[in-house]
Amino acid sequence: MPTPGARPVLVVTVAALAAVLAGCGGSDAGEGAGGDGAAPRVVATTTYAADFARAVGGDGVQVTQILRPGVDPHDYEPSPADLEALAEADLLIENGVGLESWLDDAISASGFDGTEIVMADRVTIRHREDGGAEHDESDEHGDEEGDPHIWHDPRNAKIMATNIQIGLATVDPESAAEYQANLESYSAELDELDRYTEQQINTIPSDRRKLVTNHDSFGYYVERYDLEFVGSIIPSFDTAAELSGRAIDDIVEKIRSSGTVAVFSESSLPPRTAQTIGSEAGVRVVAGEEALYADTLGPAGSAGATYLTAERHNTDTIVGALR
Amino acid sequence: MSTVTAPTPASCLTAPGAAGGSPAPAIALPDQAAAAPAAEVAPAPSGYAADEEASPGIAVSFDNAAIAYGRATVLRGVHGVLPAGGTLALIGPNGAGKSTLIKAVLGLVPVAVGSITVLDRAPAAARRDVAYVPQADTLDRDFPISVGQIVLMGRYRRIGWCRRPGRADRATALAALEAVGLAERARDRFGTLSGGQRQRVLLARAIAAEPRLLLLDEPFNGVDVVSQDALLAALATVAESGTATVVSTHDLALAQVISDQVCVLNGRQIAFGPAAHALAPEPLRAAYGGAAVEIGGQSVILTRP
Amino acid sequence: MTDLLITPFEHPFMTRALIEIVILGALSAAVGVLVMLRRLAFLTDALTHAVFPGVVVGFMIGGTDGIVPGALLVAGLAAAGFTALASTRRISEDAAMAMLLTGCFAVGVVLVSRRESYTADLTGFLFGRLLTVNTTDITVTAVTAAVAGTVLLLARKELLLRAFDPQGAHAAGYPVWLLDLVLNLVIAMVVVAAVRAVGTVLVIALVVIPAAAARLLTGRLTSVLVVAVLLGPLSGWLGLVISYDASVHHDVRLAAGAAVVLVLVSIYGLVLAGSALRSWAARSRAARRRTRAGSGGAEGPGRPRAVGGPRELSREAV
């Protein structure tokens with residue numbers, strides 16, 4: 001192969017690529033919020049964190065949400081935009097309890113040096129009912145491991161929102177009073193949600209208050225509203241654990257013997273497994289549009305766009321199916 | 001049926017020196033080689049330093065050697081001596097054991113019975129002074145390597161691990177390339193050469209190693225006339241410089257031209273000695289299974305087309 | 001446009017990612033030339049699967065710091081195993097390798113699935129986390145590059161001879177099995193170094209593609225090596241830039257490791273198209289020449305230049 005001919009091809013290749021890139025290079029996205037230098041830049045990991053942050057922070061706060069609606073929070077690879085946002089953030093709001101295992105690396109890579117708020121602070125964490133035997137000894141998170149889905153109990157949501165208010169006040173003391181006012185009105189709405197849910201659940205005959213969900217995400221809800229947790233299809237706090245044959249038989253047996261009338265799927269997981277088990281056990285499967293918002297809120301315009309509407313949707317769906 | 005003819009269309013071979021009437025042989029005889037373009041060939045580098053006398057010793061000694069792969073004996077009864085500086089041709093049909101014998105001389109397959117002594121040592125111990133020329137078509141033509149780089153490979157053993165080739169090495173390699181008449185192709189990619197030219201490059205690689213013993217595995221197979229002449233010329237100069245040579249070939253006429261001794265094989269040694277003795281009808285018949293004929297006092301092999 | 005090529009790297013995490021992918025890209029490409037010459041792409045792929053249980057066990061025992069030792073141990077064993085396998089005659093070599101690699105991989109999956117944070121760990125191992133590499137990872141990669149590079153540099157003539165003519169290497173007295181083992185271990189080291197950055201699935205692209213593209217461009221060994229070692233890091237740089245631009249300016253998620261691989265494949269595609277065009281053009285030129293000259297001698301595109309004998313054998317590779 002004559003070498004002189006090779007150089008032009010290589011040059012053309014690189015030039016073509018450069019031309020493609022030239023097309024890509026656009027004006028960069030707007031920097032920061034308005035022109036107000038004091039507006040705190042907030043990064044929130046989960047959809048819930050972002051929702052609470054907007055509720056407590058109000059319009060003056062710029063919230064960058066890392067996890068999009070419908071994305072599984074247990075497994076995530078931060079993008080350059082995420083890391084850039086983290087690098088420039090004043091306040092980081094995270095869930096805690098080991099939900100965001102990818103976050104530590106992202107924090108150290110981005111060089112984040114602002115205030116970190118863990119929403120789970122001061123929340124009573126549930127641990128697996130079977131006790132210590134289930135604990136994986138090689139857990140990195142040690143005592144923090146437990147059920148991370150703390151948001152399904154509105155009382156916990158109040159604590160989470162309070163933590164956010166504290167964080168915002170630390171970072172932007174001038175507007176502390178405003179944040180406090182937002183927190184109080186939001187807390188009132190959370191109380192209202194709590195009452196509504198309790199009242200709705202009580203309309204279900206007590207022998208039918210049995211819940212089977214896709215994974216162990218409704219532990220706090222079950223405890224708060226005194227439902228019976230029959231089991232979950234993926235018996236884990238993590239969404240992608242492998243299903244063993246015995247686990248399937250187990251759950252089908254439990255469904256049958258407990259007289260559960262419906263199995264609930266979740267918005268961020270494919271419903272296939274739930275449907276398989278539902279048909280195996282001969283019970284109704286709630287999926288698709290009606291699926292519960294367990295790990296994440298829904299997109300804008302959907303029934304689960306905010307925490308308040310999502311939890312209401314969950315309650316209505318559960319009550320509607322079980323009653 | 002194995003073909004034992006020179007690359008001429010004729011299906012009979014006559015011994016060289018045949019008078020008149022026979023078609024002009026396509027092979028180059030030693031005196032013709034000098035007139036060929038390779039006439040300016042410099043003396044080939046050899047394993048003997050300029051002032052060192054080629055020791056009147058023995059290059060290879062076979063002592064009733066038998067070679068086996070596992071339990072199966074593939075070759076037996078090999079017995080004979082190749083003196084230093086001499087040339088030995090290995091003759092026999094396909095599967096006779098010619099390649100096996102060459103591998104045994106290289107120490108690549110063990111000798112089951114008897115022994116083979118190479119340059120007064122065991123075969124494996126003598127590798128530093130032995131060079132091997134494989135058939136060119138066993139090598140990948142698309143490999144991105146130049147002729148010069150390949151010939152330089154012959155120097156690697158002398159250069160040793162972890163060291164770079166030096167000026168002297170490059171000079172030796174160039175001289176070896178000149179000996180086969182391909183010095184002007186040094187920078188070309190190996191695959192751009194013809195089959196015969198590639199074979200010559202491999203010979204140059206072996207010559208560059210300055211061996212005392214040279215082993216060639218069917219170097220004339222499928223080689224065009226020009227390259228064949230060049231190979232013969234190079235082999236002649238190699239022999240002049242005192243390097244012993246073992247060549248396996250199908251071509252009886254070539255064997256007679258280039259070698260002092262011939263070893264005829266077919267699973268066992270049938271003859272070992274000067275060409276006149278070993279390339280007689282009897283041994284050839286024994287090797288090739290009855291296809292040898294005598295015509296006008298000459299030994300001839302007939303093949304079916 | 002130069003703005004786009006430079007500004008992302010004002011962020012420290014992008015700079016670290018760039019340094020990592022440049023070193024890794026150069027190392028992989030250099031090793032990749034030998035992999036191409038020896039046709040070891042499948043073995044390299046097998047090694048990327050075989051190291052997986054080592055990565056998992058290392059992680060389980062020692063956390064992120066345990067990945068490299070675990071991977072190295074298993075990679076070394078696998079490399080030795082594959083070397084030994086190459087000399088067996090009883091089973092077909094690639095079938096045996098396929099069994100070994102899938103078996104090892106399955107062991108790794110079993111081990112990983114026993115942990116709670118299953119998928120996060122799994123995708124990290126498989127696809128790497130280029131944007132969150134830290135200075136320890138970079139140091140590991142740099143040390144690997146130094147060691148592997150030194151080995152290849154010192155043994156380059158012997159590795160070249162073995163690649164071109166294994167029988168000749170054997171005949172010359174070289175321990176071919178040892179040369180093969182050394183190369184397989186070097187490949188294993190590269191795989192281990194790549195695990196953190198691009199993951200086991202994508203490392204094969206980094207190894208194989210630059211050399212393949214370079215080979216299309218030139219038939220001279222030194223040039224192949226130079227072009228490959230330039231293409232690898234260049235693709236890394238462009239991949240990072242594209243991933244950054246997509247994420248920050250266009251709100252499109254494009255994982256950094258995958259972006260690098262896509263750039264590599266695109267470059268290869270361009271080079272392939274270019275060289276196909278060139279040989280088509282050469283063929284039609286030759287055909288026109290033939291018809292013009294009547295029955296003149298066919299001059300193929302590979303005609304050598306006979307420029308009178310060189311006075312000295314050129315200083316080419318080795």
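**Entry 1: the model.** I am working from a predicted model.

**Entry 2: chain B overall.** I looked up the secondary structure of chain B and found 10 helices and 11 strands. I then checked burial. Of the 305 residues in chain B, 54% are buried. Next came the contacts in chain B between residues at least 6 apart in sequence: 70% of them join residues at least 24 apart. For the surface, I noted that chain B exposes about 12,500 Å². Carbon and sulfur atoms supply 52% of that area.

**Entry 3: aromatic pairs.** I searched the whole structure and got 12 aromatic pairs over all chains. One of them is Y221(A) with Y225(A), which is edge-to-face. I noted 5.0 Å centre to centre and 65 degrees between the planes. The planes count as edge-to-face because the angle is over 60 degrees.

Where do Y221(A) and Y225(A) lie? Both are in helix α7 of chain A, residues 219-225. They are four residues apart, about one turn of the helix.

**Entry 4: an aromatic cluster.** I also recorded one cluster in chain A. Its members are Y48(A), F52(A), W151(A), Y186(A) and Y307(A).

**Entry 5: charges over rings.** I looked for charged side chains over aromatic faces. The charged end of R312(A) sits over the ring of Y196(A), 4.6 Å from the ring centre.

Note on methods
Residues are numbered from 1 along each chain as its sequence is written. Chains are lettered from A and ligands numbered from 1 in the order in which they are written. This is a predicted model: local features need pLDDT of at least 70, side-chain atom pairs count only at pLDDT 80 or more; totals for chains, interfaces and linings use all residues. Side-chain values use heavy atoms; hydrogens and water are left out. Helices (H or I, at least four residues) and strands (E, at least two) are DSSP runs, numbered from the N terminus. Buried means under 20% relative accessible area, exposed over 50%, partly exposed in between (1.4 Å probe, protein chains only). Contact means heavy atoms within 4.5 Å. Accessible areas come from the Shrake-Rupley method with a 1.4 Å probe; for residues, only the protein chains shown count as cover. Rings of Phe, Tyr and Trp (its six-membered ring) pair if their centres lie within 6.5 Å; planes under 30 degrees apart count as stacked, over 60 as edge-to-face and the rest as tilted. A charge sits over a ring if NZ of Lys or CZ of Arg is within 6 Å of the ring centre and within 35 degrees of the ring normal.
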